Amino acid sequence: MRVAAIDCGTNSLRLLVADTPQEGPVTLSQVHRSMRVVRLGEGIDATGEFAPAALERTFAGAEEIAEILAPLHPERVRFVATSATRDAGNREAFMDGIEARLGVRPEVISGDEEARLSFLGATSGVDAGSRERLLVVDLGGGSTECVLGDGRGVMAARSVDMGAVRFTERFLHSDPPSEAEIAAAETATRELLGVVEESVDLSSVERVVGVAGTITTVTAHALDLPEYSSEAINSTVLPIGIVEAAASELLSWPKHRIASLPYVHPGRVDVLQAGALIWRTLLKRLEEATAGRVRSAVTSEFDILDGIALDLASRPS
């Protein structure tokens, strides 16, 4: 069976087409994977609505996806919309426009469903162990999902409104960010992590797995890769101190220097620093909560997109 998963977040529009066996364990054999930075959530934190230009970029991306899907003939298609769409007052215009171009209506999922799918995808691509308590962190453009679970599934999860696009627009206005801006963003991150801890027991975490573009790019920077390489990044285990140093370096640089790095996607240049700050602050808090027991972070190239495809393939006919 061939499935197509589409993830539309605050910053990017992504497509995964994969084949899966009709019998036995559900696994994915990738046929096509691609990403477009459409910045659907541009300005939504301030206005509460999708901007016309953002909708135009996203609709153009959907038209490209329609062209890709036409010859591939997927049997099942699921279009998932996350943080930005949950917030938008004019989301019907977005949903109608996508349905007109793709023939499938976007499913606006809750933070809890986003967390479940992120955990499913992240743990499919790394050695997650069977009994370890894992914290999967999906750091997106508009929200961050923190999901606690083990080999049996999700135990607790919380989604909070902090992400690379949202925090760039809210806090980081200088180039490079000023100390005062960084301090304000860190304070806000810690406050929202306090909200996470109302639901998720960080002190019980034994291993942390980070997913999505900010975290994979910070990992690429820590590894000083000559180009972006999913194979080099996936399942990488780095000491938290190394990750924090990489994030801090990115925060100290002007954007033109970040743009020159061979592993940074052009669509991430202006929001990477806010994402790096959130990841750095979260890892510091995790070290504190576990009294230093968690000393490293795993990066997974598999995330909610893979979770959407796996979930779609496992549904009854």
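Author: Contact here means heavy atoms within 4.5 Å. The model is a predicted one.

Reader: With which residues is V269 in contact, leaving aside its neighbours within four places in sequence?

Author: V269 has its place in the loop between α11 and α12 (272-289). Its relative accessible area is 12%, and buried means under 20%, so V269 is buried. Leaving aside neighbours within four places in sequence, the residues in contact with V269 are K255, I258, A259 and V264.

Reader: What separation is found between the C-alpha atoms of V269 and G89?

Author: V269 and G89 are 180 residues apart along the chain. The separation of their C-alpha atoms is 28 Å.

Reader: Is the peptide bond from D175 to P176 cis or trans?

Author: P176 lies in the loop between α6 (164-170) and α7. The omega angle of the bond from D175 to P176 is near 0°. The peptide bond is cis.

Reader: How many salt bridges does a search of the whole structure find, and which residues are linked in a network?

Author: A search of the whole structure finds 26 salt bridges. The residues linked in a network of salt bridges are R78, E107, E113, R116, D311 and R315.

Reader: How many residues apart in sequence are the parts tied together by E132 and R207?

Author: E132 forms a salt bridge with R207, and the closest N and O atoms are 3.7 Å apart. E132 lies in the loop between α5 and β6 (134-139), whereas R207 lies in strand β9 (residues 207-211), so the pair ties together parts whose distance in sequence is 75 residues.

Reader: Is E132 buried, partly exposed or exposed?

Author: The relative accessibility of E132 is 30%. Buried means under 20% and exposed over 50%, so E132 counts as partly exposed.

Reader: With which residues does R285 form a salt bridge?

Author: E197 forms a salt bridge with R285, the closest N and O atoms being 2.8 Å apart. That pair links distant parts of the chain, 88 residues apart, with E197 in the loop between α7 (179-196) and β9 and R285 in helix α12. E288 and R285 both lie in helix α12, three residues apart, about one turn of the helix, and the closest N and O atoms of their salt bridge are 3.2 Å apart. The partners of R285 are therefore E197 and E288.

Reader: What are the relative accessible areas of E197, R285 and E288?

Author: E197 counts as partly exposed, at 29% relative accessibility. R285 is partly exposed as well, with a relative accessible area of 21%. E288 is likewise partly exposed, and its value is 43%.

Reader: At what angle do the axes of helices α5 and α13 cross, and is the arrangement roughly parallel or roughly perpendicular?

Author: The axes of helix α5 (residues 111-124) and helix α13 (residues 304-314) come within 7 Å. They cross at roughly 95°. Angles of 65 to 115 degrees count as roughly perpendicular, which makes α5 relative to α13 roughly perpendicular.

Reader: Which residues make the contact of α5 with α13, and how do they divide by type?

Author: From α5 the contact is made by E114, R116, L117, S118, L120, G121 and S124. From α13 it is made by I304, D306, G307, I308, L310 and D311. These residues divide into five nonpolar, four polar and four charged.

Reader: What is the phi of H73, and is H73 buried or exposed?

Author: H73 is found in the loop between α2 (52-69) and β4 (76-81). Its phi is near 50°, a positive value in a residue other than glycine. With 59% relative accessibility, H73 counts as exposed.

Conventions. Residues numbered from 1 in each chain as written. Predicted model: local features only at pLDDT ≥ 70, side-chain atom pairs only at ≥ 80, totals over all residues. Heavy atoms only, no water. Axes fitted to C-alpha atoms, helices over the stretch in contact; angles between N-to-C directions. Helix = DSSP H or I, 4+ residues; strand = E, 2+ residues; numbered from the N terminus. Parallel < 35°, antiparallel > 145°, perpendicular 65-115°, else oblique. Nonpolar A, V, L, I, M, F, W, Y, C, P; charged D, E, K, R; others polar. Buried < 20%, exposed > 50% of the residue type's maximum accessible area, 1.4 Å probe, protein only. Salt bridge = Lys/Arg side-chain N within 4 Å of Asp/Glu carboxyl O.
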